Each structure stands twice: as C-alpha cells, then as structure tokens.
Amino acid sequence: MNNKVPTLEEIQNFEGKYPKQLWYLFLVEMWERFCFYGMRGVLTIFMADQLLGLALSDKDSNLKYGAIQAFVYAFTFIGGIFADKILGFKKSLLFGGTVMILGNLIIAFSPQDFFYLGITLTIIGTGFFKPNISSMVGELYKEGDSRRDAGFGLFYSGINIGALLGGAICVYLGTSPDYGWSYAFLSAAIVMFIGLVTFILTKHSLGPIGDSPLMNLPASKRTTNEIAVYVGALISIPLIFIMIKNTDYTDYFMYAIGPLAVLYFLFETYKEKEEAARKKLIAAFIFILFSIIFWAFYEQSGGSLALFAKDNLHHNLLFFEINPNIVNNTSNSLFVIIFSPIVGLIWLAMAKKKIEPNTVIKFGIGFLFLAAAFYVFYYTRFFADAEGLTSLNVFTLAYLVITFGELCLSPIGLSIMTKLSPKRLSGMMMGMWFLASAYGQYAAGLLGAGMSSPDENASLVTKLQGYTEGYYQLAIYALIAGLLLIVVSPLIRKLMREVK
C-alpha cells in the first residue's frame, strides 16, 4: 500500500470518472449508514413492543422517534461548525464514529434499561460523523468540475447499500424470536467498527482534505481546543438524555436551535463580502426550507409507516411471504440502488439534448413524485379486508414512487450545498442541510402522532382509516409545494448565478 500523502492538486487532477478516495469514503459511509438505518428501522417498533421493548403507545413511539431523529440531525449542524472551526473533518469523524460504537454497545447490553443512555451517545456520535464525510466528498473536486454530481450520485448509492443491509438485518434480528433486540443493536456497533477501521486505514490518501483548520496554531493550543470540544460533547450527555426521555423538552430545544441557526447563517451571510456569494447562500437557504417539508413527509417511513406496516399489512409480496417491516425498511434503498444509475443516465441524455431541467425544477418534480406516493399509500385503504389488513404490494408500489421523488432531490441537495457554499462555510452549510432534516424528522413525529389513533385498543380498521386519511392530506400538501417551487424557479435560478 502506497502511504505517500498526496497534495490537494494531485487529488483533484484525477483521471477518469471518480477519484479513488471517493471509493474509500463510499465504504466508510456505507457501514455508517448500515448502523444508522438499521437503528432507525427498529426504533419505533422497539419502542412500541409491549413485551420486550419500551411498551410505549403508538402516539408516544411516533413522538419519541421524531425527537430522536431530530436530535441526530440537529447535532450534525453543531458537529459541522466544530469541524469547520476546530477539529477538521477527519478528527471529527473519528470521534463521532467511536461514540456511536459505544452507544450501540450500551443499548445491546440491555435494551430496556440502557436505551436512552445509548441513544444519547449515538446522537452525539452521528452529529460529529455525518456532515463531515459529505463535505470531504465535495473537496475531492475542483470548483466547476462537471464530474461532481456523478461522484455524489455514486456516494449516494453507497449510502443506500448500507441502508438496505442495515434495514433488513437489524429488523430481522430485532423481531426474530431466535435473536431479539440486543442482536439488532450489536450488529449496528460491529459494522460501525468496520467503517471506522476502514477510514483509519485509508485517511492518508485524503492528503490535506479534512485536516484541522487550526494547523497554523502551535500544537499545544490546537490540542487544548480539541479537548474542549470533546469535553463539551460529553457534558451535553445528561442534557440530551433528559430531552429525549421527555419530549416536551424536545419542543423547547427545536424552538430554540432553528432561530439561532438562522441568525448565525444571516450573520455569516452578512459577513460575506462578495454580493454573488451572498446571493448563492440565500439560494441555498431556500433549498433548505423546502427540504424541511420534503423530509417531514418522507420520514413517515421510520414512524407512522413502520407502525402501519407492523399492524395493517398482509405478509405477501408478489409470490413471497415476508415481514412487512423489512419491506418498509429496505424497499426504498433497494429501489435507489436499482434506479439511481438509470435516473442519472436520463439526466445525462436530457443534458445532451439541452432539455435537462435545472436543479430547482428537479426539486419541484421530487415533490410531485412525493405527492403521488402518498396518494398510493392512501389508496391502500381500498384494498383492505374486513379485518383492516391491506395489500403489501400496493404499499411497496408507493415506495417505488417515493424513490423517484428522493432521487430528484437528495443527491442533488448534497451536491448543491457544496456548490453554493464558500469553502469556509461548507461544514456549516452541510450542517444546515442536515438541520433542515432535523426539523423534517421532528415534524414527521408530530404528523405521525396526529395520525395514530388516540385509543390504544382501537381496531385495525380504525387505525387504517386514521393513517390513510393522514397520507391523503400529505399528498395534497406535497403537490402544492412542488407546484410552488416550479413557479418560483426562475427567481431562485437568478440567485444561483453560474451554479447549475
């Protein structure tokens, strides 16, 4: 193995379609996504498990799911700032990965007793890990390199291979009478360990990418700053623990961090001297606002749709018998892996004919697909039997439709954040993108709780009607958002200047 540390210029002057460093980051992110999506897939059903889980009501499970996911993404905003200003992406990622492994091991030891402590550590770890790997992918490319979108497309498929494996394996282990919840959380810890070791073995190939921004300071001063960040993260453990345990506190946190983040963003935008850069930051902010709505709907998959799958679906998919929660947790990832390259080729073919829609229109189209998907989820009510059980095939079809919406929005979203942000703010803007997801997750929990039946002993028919009525409402709102984006797209395009 060649251990020569390359310069930034050597990395960015790569030949071919992808830089070799992208494959290393792809593998690291793949294992982290296994850990994350495996956890996400079992959270709601574990919390709602009356015998071996936390024995919460459907409504409380939805709210807690929203709170946990919101904290995960809110912490990515904080983690992004610390990486930008003090740690650098590499150290931030190593610290985050280590804390995530510890969190999963603690839950695996005793899920019912140590769930909240373990999930607190997982939240902090993900916050330091998640925004930085996407930022490093962005730095593999020179400004204006047309191969950047393709690179993020490949990176995105890595995310989904991990999500597919984690989604299937963790749900299978957690719900299997032969294994149980401890094995689900243990498997997440093991794969995260593999991801961390992969990063340690390959990080020299990233050269200066991800180094601490304080390299000009004396080593002792740099170390003091880094230790202060680690200590600060550990001091926040009891605070997050309390806020997850009581979701009322989550409300206060979400009311506070959003306005603070917006004020910080406005401060940094005001500080930006070039007018063009300021306009690009405002364009990025508009994308961020719309993405909140998208994720609030899309993230029903971990909340209300997980409970809908647990209670209201037959176990037959085409000619197979399968646990509907495995389908709920993996079908989207599988469809992304299959259709991501195809959608990429469609965009390329359209670009050759000069008819490729711009980024804003793609965002709008993403919402139209989202609206269609929730209409299909609503439509499952017309396939239900007298007991309130409905078709897993129609449910899976809705996931196919939702995938096309996601492919119009999410990989482009990561890429557009790196294109519209000045280099000094790339971690913060990636953090803002993920903070938008936090608000989406938080809203997803509230929406899911609103759809779930207040009566825990409600019949399956009542539950079916409650959830599908909710999905019908979401379909209408997604349609309005998509049409609005398409109408205002010329204004946003002007703000984006030369960025496509």
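Good morning. At 1.5 Å a residue, the 25 residues of helix α10 should span 36 Å, and its end C-alpha atoms are 36 Å apart, which agrees. The expected span here is 1.5 Å times one less than the number of residues. Helices (H or I, at least four residues) and strands (E, at least two) are DSSP runs, numbered from the N terminus.

A word on the source. This is a predicted model, in which local features need pLDDT of at least 70, side-chain atom pairs count only at pLDDT 80 or more, and totals for chains, interfaces and linings use all residues. Residues are numbered from 1 along each chain as its sequence is written, and side-chain values use heavy atoms, with hydrogens and water left out.

Let us begin at the N-terminal end of α10, which is capped by Asn 246. A side-chain oxygen of Asn 246 lies 3.0 Å from the backbone nitrogen of Asp 248.

Helix α9 (residues 237–245) meets α10 (residues 247–271) with axes that come within 5 Å and cross at roughly 115°. Such axes are lines fitted to C-alpha atoms, for helices over the stretch in contact, with angles from 0 to 180 degrees between N-to-C directions. From α9, the contact (heavy atoms within 4.5 Å) involves Ile 242, Met 243, Ile 244 and Lys 245; from α10, Thr 247, Tyr 249, Thr 250 and Phe 253 take part.

Which residues of α10 are buried? Among them are Thr 247, Thr 250, Phe 253, Met 254 and Ile 257, where buried means under 20% relative accessible area, exposed over 50%, and partly exposed in between (1.4 Å probe, protein chains only). The buried residues of α10 pack against α3 (58–87), α9, α11 (275–298) and α16 (426–451).

I turn now to Ser 391, in the loop between α14 (359–379) and α15 (392–420). Ser 391 counts as buried because its relative accessibility is 14%. A polar atom of its side chain lies 3.1 Å from the backbone nitrogen of Asn 393, and one lies 3.1 Å from that of Val 394. Leaving aside neighbours within four places in sequence, Ser 391 is in contact with Leu 313, His 314 and Phe 383.

Finally, some backbone angles. Most residues other than glycine have a negative phi. Leu 318, however, has a positive phi near 50°, and Lys 354 one of about 60°. Leu 318 is exposed, with a relative accessible area of 61%; Lys 354 is exposed at 75% relative accessibility. Thank you.

How values were computed. A polar contact is a pair of N or O atoms within 3.5 Å; within protein, one must be able to donate a hydrogen and the other to accept it, and residues adjacent in sequence count only if both atoms are side-chain atoms.
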